[in-house]
Amino acid sequence: MLVALLPGDGIGPEVIVEAVRVLEALDIHGLIFEEAPIGGAAYKEYGHPLPDKTLDLAKRADAILFGAVGDPDCDALERHLRPEQAILGVRKELQLFANLRPANLFPELADASALRPEIARDIDVMIVRELTGDVYFGEKGMRTTDDGLRQGYDIMAYDEAEIARIARAGFETAQARRCKLCSVDKANVLETSQLWRDVMVEVSADYPDVELRHMYVDNAAMQLVRDPGQFDTIVTGNLFGDILSDLASMCAGSIGMLPSASLDAGGKGLYEPVHGSAPDIAGEGKANPLATILSAAMMLRYSLDMSQPADRIEQAVAKALADGLRTADLGGSATTRQAGDAVIAALAH
Ligand code: NAD
Ligand code: IPM
Ligand code: MN
């Protein structure tokens, strides 16, 4: 089994190292790692954020473990050369359309949540975010209006096939959970969302056991903070899912805790923390690696058919937290390395 390691920028390499140490501690037979540069790091070395050899490795691998991309030094580059284009490129090239972002609270972290513990306690939601369409991939550009003003534009569009396939991913995810699916859109304003809602209803006919409801995205943001326990599975578009998953992370304790899986139609996947490259703390050994370690667990479960070691990682993270592990984002002072060590130590129990 070949795992592509794409550490990227900022804290990406720092958190990937810890996830790899945890995987190595499990001593899984036949797991091979191969690393390639991506993002700003790749631009600086090869003049492109997604070099051919990196994309080739991503295609060859059975699964991809990804850190983060984004580097303030690169923010003024032409858009196609910016680090963020690399992750968008991998998602699109590999057709990783279904992005699963689970937000649940480890009970020990109730005090770290931005919500009151009695509200935070109930959060256990899977956000199923569409990942290869929407305003992210529509036509975009800069132009001049008739009045001579600069105008930026990004077209938001979904066709019915794109919506139907993420709808199925949403219904199937809900079926494996508590059979409640909330589709989040902005159908009161956007045509894209009206089609989204119509297709969700059409596809729901094939999943009579799943209770479907619809919610506007502004209300969904409010409801996630007011009463996160009402949600089981959320299915939503690329942009809304990006925003709601960062929001959900703080309900569950920290952006440093949320893992993700980005899957294609055949089970191949890219696994990455929901957070970014965190340039404000990069190189300081302060990053919480648990989101990436939990992403490695998702990788074992979803792409490598190894649910037992996946369970072991998740149990070890829970034990390390119960034993008092807290990185700075969780109100403690553990370093990135100490957090990795704590999980590895917990694996031995
Ligand atoms: P960010 O998620 O990188 O950071 C937001 C805040 O959360 C920062 O204060 C950061 O220090 C903190 N934080 C994030 N991860 C943490 C962790 N593991 N432990 C402790 N604290 C953590 O978001 P941003 O600042 O908006 O973006 C920074 C860069 O990352 C940008 O270039 C952005 O485009 C990129 N980005 C990349 C990805 C990705 O690669 N998938 C995701 C989000 C943002
Ligand atoms: C994420 C990130 C990316 C996104 C950026 C870096 C392109 O924010 O993975 O959540 O918007 O999808
Ligand atoms: Mn994001």
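Predicted model: local features only at pLDDT ≥ 70, side-chain atom pairs only at ≥ 80, totals over all residues.
**Ligand 2**

The space taken by ligand 2 is the largest pocket, and the residues around this ligand are Glu84, Leu88, Arg91, Arg101, Arg129, Tyr136, Asp242 and Val274. By residue class, this shell divides into three nonpolar and five charged residues, with no polar ones. Helix H4, which spans residues 84-93, supplies three residues and with them the largest share of the shell around ligand 2. In terms of domains, the shell draws on both domain 1 (1-101 + 258-349) and domain 2 (114-251), with at least three residues coming from each.

Polar side-chain atoms of Arg91, Tyr136 and Asp242 each lie beside an oxygen atom of ligand 2, at the distances listed in the table below. Of the 320 Å² of accessible area that ligand 2 has on its own, the protein covers 77%.

**Ligand 1**

Around ligand 1 there are 21 residues, of which Glu84, Glu272, Gly276, Ala278 and Asp280 come nearest. The shell around ligand 1 is made up of 10 nonpolar, six polar and five charged residues.

For ligand 1, the contacts described here involve backbone N or O atoms of the protein: those of Val69 and Ser277 each lie beside an oxygen atom of the ligand, whereas that of Asn288 lies beside a nitrogen atom. The protein covers 69% of the 800 Å² of accessible area that ligand 1 has on its own.

| Residue | Protein atom | Ligand atom | Distance |
|---|---|---|---|
| Arg91 | polar side-chain atom | oxygen of ligand 2 | 2.7 Å |
| Tyr136 | polar side-chain atom | oxygen of ligand 2 | 2.5 Å |
| Asp242 | polar side-chain atom | oxygen of ligand 2 | 2.9 Å |
| Val69 | backbone N or O atom | oxygen of ligand 1 | 2.9 Å |
| Ser277 | backbone N or O atom | oxygen of ligand 1 | 3.1 Å |
| Asn288 | backbone N or O atom | nitrogen of ligand 1 | 2.9 Å |

Definitions and conventions. Residues numbered from 1 in each chain as written. Chains lettered and ligands numbered in written order. Heavy atoms only, no water. Near = heavy atom within 4 Å. Polar contact = N/O pair within 3.5 Å; in protein donor to acceptor, adjacent residues only side chain to side chain. Areas by Shrake-Rupley, 256 points an atom, 1.4 Å probe, with all protein chains shown as cover. 1 Å grid on protein atoms, 1.4 Å probe; cavity = no way out; pocket = protein on both sides within 12 Å on 5 of 7 lines; lining within 4 Å. Sits in = over half its atoms within 2 Å of the grid points. Helix = DSSP H or I, 4+ residues; strand = E, 2+ residues; numbered from the N terminus. Nonpolar A, V, L, I, M, F, W, Y, C, P; charged D, E, K, R; others polar. Domains from an automatic or database assignment.
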